[in-house]
Amino acid sequence: PAPESLISPLRLSSVRGIMGHLFFCLLLWFCLTVTVLVLPSPSSLSPGEPGSMTVTWTTWVPARSEVQFGMQLSGPLPLRAQGILTTFVDGGTLRRRLYIHRVTLRKLLPGVQYVYRCGSAQGWSRRFRFRAFKNGVHWSPRLAVFGDMGADNAKALPRLRRDTQQGMYDAILHVGDFAYNMDQDNARVGDRFMQLIEPVAANLPYMTCPGNHEQRYNFSNYKARFSMPGDNEGLWYSWDLGPAHIISFSTEVYFFLRYGRHLVHKQFHWLESDLQKANKNRAARPWIITMGHRPMYCSNADLDDCTKYESKVRRGLGGKYGLEDLFYKHGVDLELWAHEHSYERLWPIYNYQVLNGSFQQPYTHPRGPVHIITGSAGCEERLTPFVIRPRPWSAVRVKEYGYTRMHILNGTHLHIQQVSDDQDGKIVDDFWLVRPLHSRMMYL
Ligand SMILES: [Fe+2]
């Protein structure tokens, strides 16, 4: 038989707990998350700083939370880490209880591949692998980026699993809207979705932001299922990856005011302060990339916020807390969005003005941020059509299922490709974003 570590991660993990209670059959699943260099301040980004990775999984009965890990592909796993168990009570009629386990592995060696399994004496998962992030800023992270992937019709998932098995990525960015919806059927749709993404999410950092489909019970299913950096239950946070500083936030605070109007204010001020810190560290990490679910601009044929001239995300509420001015003022390079079930690339833009670097090379030394809307990973709502006439600020529109590949080559060059699942993996958009090392803080 194949060694345990070589068993295909395409199979769902099932663990039969035979210790103690024979009638308990535990099914474990995992979302491996986050992040090597937590940045309390720019000065802490020393290359020798130890890495960490948090493993998150769910059981349906209470159990201890332990991860066993090591560097050998087969054989015993010599290292151990204990974690925290929390009980999550879903808001549905059954008030289902899920037991959420979070274990952080620390002092990981940069760039080294680890093998792990998680569980307890009541039952263990099969083994998964991940690579700890490299240290420092001088390496070239590769990511897959998409939003709006459901438990049904997840068109991009088979190729994402293959890409993951082949080691194509360092991390995943899922830009909101999961499962459709995680809370449905007393959170069983969430169970099923986590099982579906496990072959990707247990082997790669799976970085998220909340979308409108997570809003039930004050985003509680989202907060329970994922473990993001920071202390705000994954609603907003930032992290560093090679030459990039990546900021994740909630556009939903502008729309679900019943969960607290103060969140708009709180997040806005956090964003402002995080952008200031990132700019102090800009020479080391030149790229500032944001991800949020609902776009500021889009040319889709629906009535969403982004189709409105004064979209809430762009202009804020009552003229306050608009994100376009904030991001422009702090020289954000790239803004990743989803929500519209299509792919759209904008020309560099500020306040509806196209600010291309030059006619021949629009994305070389652009004079405003670049927006990508990538929400076509596939869900039961299918694709969103575009208005017939493209807007003057819209560069490329693709109404096909797919996802985005992002390669942050170095501090000046970033490569974006759009993969079409309708065309068997064909690259349907491809461009380089090039910005100089200096003068990144402000667009002039
Ligand atoms: Fe959405």
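The model is predicted. The protein holds 6 helices and 30 strands. Of its 444 residues, 50% are buried. Take contacts between residues at least 6 apart in sequence: 71% of them join residues at least 24 apart.

**The seven-stranded sheet**

- An open sheet is built from 7 strands, in the order β17-β18-β19-β22-β26-β23-β27.
- Its pairing is mixed.
- The edges are β17 (237–241) and β27. Each has a single partner strand, so one side of each lacks a neighbour in the sheet.
- On average, neighbouring strands here are turned by 15° against each other, direction ignored.

- Strand β27 spans residues 394–398. This strand is mostly covered, with 4 of its 5 residues buried.
- β27 pairs with strand β23 (residues 343–346). The pairing is antiparallel and runs over 4 bridges.
- Arg345 has Val396 of β27 as its bridge partner.
- Glu344 stands opposite Arg397 in β27.

**The six-stranded sheet**

- A sheet of 6 strands is also open, and its order is β16-β14-β12-β28-β29-β30.
- Pairing in this sheet is mixed.
- β16 (206–208) and β30 (426–434) stand at the edges. Each pairs with a single strand, so one side of each has no neighbour in the sheet.
- Neighbouring strands of this sheet are turned by 20° against each other on average, direction ignored.
- Strand β12 (residues 142–146) and strand β14 (residues 171–174) run parallel, joined by 4 bridges.
- Ala144 stands opposite Ile172 in β14.

**Helices α1 and α2**

- Two packed helices are described by the angle between their axes and the distance between the axes.
- Helix α1 covers residues 157–165, and helix α2 covers residues 184–201. They pack at an angle of about 30°, with axes 8 Å apart.
- Angles under 35 degrees count as roughly parallel, so α1 is roughly parallel to α2.
- On the α1 side, the contact is made by Leu157, Leu160, Arg161 and Thr164. On the α2 side, Leu196, Pro199 and Val200 make the contact.
- By class, this contact has 5 nonpolar, 1 polar and 1 charged residues.

Notes. Residues numbered from 1 in each chain as written. Predicted model: local features only at pLDDT ≥ 70, side-chain atom pairs only at ≥ 80, totals over all residues. Buried ≥ 20, exposed ≤ 12 C-beta atoms within 10 Å, placed from the backbone. Helix = DSSP H or I, 4+ residues; strand = E, 2+ residues; numbered from the N terminus. Pairing = 2+ DSSP bridges. Axes fitted to C-alpha atoms, helices over the stretch in contact; angles between N-to-C directions. Parallel < 35°, antiparallel > 145°, perpendicular 65-115°, else oblique. Contact = placed C-beta atoms within 7 Å. Nonpolar A, V, L, I, M, F, W, Y, C, P; charged D, E, K, R; others polar.
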